[in-house]
There are 2 protein chains.
Amino acid sequence: MSGAREVAARPVAVDAMGGDDAPEALVAGAVASVRAGLPVLLIGDQTVLRPLIPRGVDLPIVHTEDAVGMDDPAVSVRRRPESSLRLAMQEVASGRACAAVSCGHTGAALVAAVLDLGVLPGVERPAVATVLPRSDGGQLVLTDAGANVDCRPEQLASFAMLGAALAESLGVEEPRVGLLSNGTEPGKGNMQVRATLPLLEALPLDVVGNVEPPAAFRGDCDVLVCDGFAGNIMLKSVEGAADTVLRLLREELKGHRSAQLGAWLLQRALRGLRGKVAWEAIGGGLLLGVEGVLVIGHGRSNAEAVAAAIALAHTSAEGGLVESLRARLG
Amino acid sequence: MSGAREVAARPVAVDAMGGDDAPEALVAGAVASVRAGLPVLLIGDQTVLRPLIPRGVDLPIVHTEDAVGMDDPAVSVRRRPESSLRLAMQEVASGRACAAVSCGHTGAALVAAVLDLGVLPGVERPAVATVLPRSDGGQLVLTDAGANVDCRPEQLASFAMLGAALAESLGVEEPRVGLLSNGTEPGKGNMQVRATLPLLEALPLDVVGNVEPPAAFRGDCDVLVCDGFAGNIMLKSVEGAADTVLRLLREELKGHRSAQLGAWLLQRALRGLRGKVAWEAIGGGLLLGVEGVLVIGHGRSNAEAVAAAIALAHTSAEGGLVESLRARLG
């Protein structure tokens, strides 16, 4: 495991200038990560960043003044090799950083990753994967989670390989791969699903067939394959439903005479829950199929979400994500 | 409101023989409804049903010995006019019942509804709608929720009209209609979404544009239009996520020293929550576009879910669902 130890020593490069609450949320998340023992490298304007770093926290900065805005066209990053986003990718490409995190413009991050990291041999289009908590305590890799909204069955088959490699790098041996569908029987699903299932079954993977979302959450598969439209709908439905349940539950507790105690208990339980599942990080994801580890965080990421994204970046790099991908695809 | 009063006096016809836990769950749900003041008519084998009805409960039975099984081909109901499913539809067609409930074979229920109730003029294909609780206290009509997995944009436009009529019959004036998408800007979504939005905007409806699931749950629209694949994925993701949140929360409360009190409070809150949102009924839905009210319950429905389905059937009939549909389509 000398490789893993070597990875653990290298920092995660964080584009400190991208995101709705940049740079404050990015720096705060990075500080929390450093304090938890994960090395981080900030990329951005040092005159802005330096004052945000508490004394005694070891958080080096790669200085640059250019930052990609949320409203800039994605392709504009092609002409901006000195932007904090591009420099973060270059830190990974050069091997100085083990992974990168961006919470800024998603399209721009995709373009920058393809430019500076390059696409792995055998990958047609990179996919975004999100890791969701399952009720059996396991993790569910959902891919594609939003990058490719219109897909051919062949693309879905390549997402299956990418997702399986991610599950392996997260420690799952022989990941079980399911195809997102509205019914489990082989004839179920829309035309795309029916055309994709035979392709998946021809791959060197443990394919369990069509899987519905509740079964996936219960642990029927480790990887759930879908196009980016269905995947994003699933992801955002989960976000909306979790939020609705918690809101209604809070309101319900308010109605009881033991209100204050109930609210207090619920608050504590929610904090614990959050620690386990990092809801804040849902909506972000890992870019699969490029020559490096990139976590694309939610634009709305707060410090907690940034720290979760850094942890995911680190775990994936340490688990040998790119090596798993290369082995799977080779 | 003499029309509504007249509807209220007519029973809901329940196919007592269809469903995983039939006939017990169906009869128990019907009994609860009758006790709550909603008249019900059971359709099925009286030798089996009669012993399940407590003394003093006014629950008439239309006797028949034929029942459609979960493994029977959907089209087989064409040749079985005496099946409990077909007889339930005929009670609605004749006007003796105000609505029907089936928790059995969904495909068979669709075929039976088209045969015995008939399709409303102007409807190409009936759609299934599910009514979900929103966190702002309102209701979200999701359509199509699973009946039509591959749709042309024109079909989605017709679902918008059907969904708006349902929202009106549930008491929403000028329902706001959204198109399910993975992003709100007009250029977002997959090819189907981009082709559908202009068609929706040409309809005599209050169209709010593309809507993501979390915004729909917060109350940005009253009707959410989608194909049956995406709709079913959304529905089942909500089911899976709600279940996961509650399981993890229960576990989290267990870990605290104040465990028993916490668990007790959570149990109470969950009971209250269930009363509000009828999670058990999610997965079922209303069939829109036929000449009568049919609620298709979940195959796994328990007594509580059956009672919720009966209540939804009654509310929709009383609210003039079919008349709203006819007015919208005319």
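Start by selecting helix H2 (residues 24–35) of chain B; helices (H or I, at least four residues) and strands (E, at least two) are DSSP runs numbered from the N terminus. Why do the ends of H2(B) lie where they do? At 1.5 Å a residue, its 12 residues should span 16 Å, and the end C-alpha atoms are 17 Å apart, which agrees; the expected span is 1.5 Å times one less than the number of residues.

You are looking at a predicted model, where local features need pLDDT of at least 70, side-chain atom pairs count only at pLDDT 80 or more, and totals for chains, interfaces and linings use all residues. Residues are numbered from 1 along each chain as its sequence is written, chains are lettered from A and ligands numbered from 1 in the order in which they are written, and side-chain values use heavy atoms, leaving out hydrogens and water.

Stay on H2(B) and colour its buried residues, among them Ala25(B), Leu26(B), Val27(B) and Gly29(B). Buried means under 20% relative accessible area, exposed over 50%, partly exposed in between (1.4 Å probe, protein chains only). They pack against strands E1 (12–15) and E2 (40–44) and helices H3 (46–49) and H11 (303–318) of chain B.

Next, select helices H6 (residues 153–169) and H12 (residues 321–329) of chain B, whose axes come within 8 Å and cross at roughly 135°. Axes are lines fitted to C-alpha atoms, for helices over the stretch in contact, and angles run from 0 to 180 degrees between N-to-C directions. That makes H6(B) oblique to H12(B): angles under 35 degrees count as roughly parallel, over 145 as roughly antiparallel, 65 to 115 as roughly perpendicular and the rest as oblique. Residues meeting here include Met161(B) and Leu162(B) of H6(B), and Leu321(B) and Ser324(B) of H12(B); contact means heavy atoms within 4.5 Å.

Now move to chain A. Which strands make up its open sheet? There are 11, in the order E3-E2-E1-E4-E11-E10-E5-E6-E9-E7-E8, with mixed pairing; two strands pair if DSSP finds at least two bridges between them. At the edges, E3 (61–63) and E8 (206–211) of chain A each pair on one side only. From one strand to the next, the twist averages 25°.

Zoom in on E10 (residues 285–288) and E11 (residues 294–296) of chain A, an antiparallel pair with 3 bridges. Here Leu286(A) stands opposite Val295(A).
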